Amino acid sequence: MTTAKPQLSLYNTLTRSKAPFTPMDEVDVRLYACGPTVYDFAHIGNGRAAIVFDLLFRMLRHIYGAENVTYVRNITDVDDKINARALRDHPDLPLNEAIRKVTETTAAQYQKDVAALGCLEPTIQPRATENIAEMQKLIASLIQRGHAYEAGGEVLFDVQSMPDYGQLSGRNLEDNLAGARVAVDAHKKNPADFVLWKLSSDDEPGWDSPWGRGRPGWHIECSAMSERYLGETFDIHGGGLDLIFPHHENEIAQSRCAHGSHAMANVWVHNGFLMVEGQKMSKSLGNFFTIHQLLETEDFGGRKWPGEVLRLAMLMTHYREPIDFTVKRLDEAEALLNGWYRAVGDVSAEGGLFCADMVDALNDDLNTPAAVRALHELRVEAAKGSMPAMRSLKASAALLGLLTDTATRWFSGEGIETDAVQSRISARLDALNAKDFAKADAIRNELAEQGIALMDYKDEAGQRQTKWEVKR
Ligand code: AMP
Ligand code: ZN
């Protein structure tokens, strides 16, 4: 007997509608998300994108089985911003070494940051510099098929060679022409033509190619890496809204024209922006907080923020909506988590059933605010000490990448010696079991003075147990 798979619906930017998601192959579900350009710390806006596609990855694994989903998130380690940073930070090193230093340290920091935000490691994290041959192959195919040409030290994509260019963003070539600075782009057949390959000067990084020593344009990187690891056409491609045009539009143009295919990815998923006082958080505006800063310094709101608080602060809002990044939001997320940790104590998720309302909400285009509400309701039963509810809350939250700690450790951040608390709790349980109620009360009061509240409940075997919490 086969059981029906729960039906996931996703909003597809390409069709501008929400539709049931059907993978091309149920045992080989393929997701690609554009990853970071590694020249500097990632900010929490980049973190939002990482969390959104991590959640989608988790849901796909939940539905199709962990071994049947491949998630590729690339690392862009060739880019003019990287070169500039390498020259600035390591002027004494040869450029290649300086670049490697910048990209290695930044990529390692990124892995640490997004892991702290509860993101699973993608299946594959290819680097652009390790896929130059694949990019050159695509470019050669585009030239051969009449979709690209050499001019002014560049190989350019010829947008007019693709009749349906602009489908994803809904722009047509006339829109693109308006406002283009034609004089700067005199070598282009059309101002919307974009760079596939550009020549490098002797002191710039470059690779030999049929078109001279040079380096790839940004868009071709993702076309090459997604093809290599996921095939010419795959299931889902994601990124932030800012990538729809020109990045994803141009990825589609390159991949489809190089392969003569009808689609690069079947579903295009885009997350909304993280905003600060009405503006998109971005490096260029300077209105950003890095993930590292939020986790490790007191720069935002005068304190450090746990990764789970940052993660829930994102999930409280639907992924396509903008988020206003405020201390108030983080406080709210923390209050929710405190309540949930209080309710589950240190129980394990083992045997816990997934909360059906939460799974239904997630299946509906990753409706995380509704999923969070479902968990918050489940918390009521769990807080009364119902062991199935506690385990279910723990297991369900884990699907969202939350409640991954024990309550003891979660609440131990405030100068409380958790081992000492545990040993006083054991002493009190012994006293209770020996019916020495005076001693039990004395221990309860002693802990209360330290701001620790106790709650007794019975476990499945009918044994008396105690949960504790810090009254923050
Ligand atoms: P970047 O390193 O700027 O190319 O961005 C990496 C990822 O983060 C991309 O998917 C971007 O769309 C996304 N991103 C950048 N800024 C924001 C923001 N303020 N809010 C949400 N996503 C963002
Ligand atoms: Zn990309």
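Visitor: Which residues line the second largest cavity?

Guide: This is a predicted model, where local features need pLDDT of at least 70 and side-chain atom pairs count only at pLDDT 80 or more, while totals for chains, interfaces and linings use all residues. Residues are numbered from 1 along each chain as its sequence is written, and side-chain values use heavy atoms, leaving out hydrogens and water. A cavity here is a set of points, on a 1 Å grid over the protein atoms alone, where a 1.4 Å probe fits but cannot get out, and lining residues have an atom within 4 Å of a point. For the second largest cavity, that gives Met-162, Asp-164, Tyr-165, Gly-166, Gln-167, Glu-249, Ile-252, Ala-253 and Arg-256.

Visitor: How many charged residues are in that lining of the second largest cavity?

Guide: Asp, Glu, Lys and Arg count as charged, Ala, Val, Leu, Ile, Met, Phe, Trp, Tyr, Cys and Pro as nonpolar, and the others, Gly among them, as polar. The lining of the second largest cavity has four nonpolar and two polar residues, and the charged ones number three.

Visitor: What volume does the largest cavity have?

Guide: Two cavities of 30 Å³ or more turn up. A volume is the space filled by probe spheres set on the points, with grid points joined across faces, edges and corners. The second largest cavity comes to about 30 Å³, and the largest cavity to about 80 Å³.

Visitor: Which element gives the largest share of the lining of the largest cavity?

Guide: Helices are DSSP runs (H or I, at least four residues), numbered from the N terminus. Arg-48, Ile-51, Val-52 and Leu-55 are among the lining residues of the largest cavity. The largest share is four residues, and they come from H1.

Key
Chains are lettered from A and ligands numbered from 1 in the order in which they are written. On a 1 Å grid over the protein atoms alone, a cavity is a set of points where a 1.4 Å probe fits but cannot get out, and a pocket is an open set with protein on both sides within 12 Å along at least five of seven lines; lining residues have an atom within 4 Å of a point. Helices (H or I, at least four residues) and strands (E, at least two) are DSSP runs, numbered from the N terminus.
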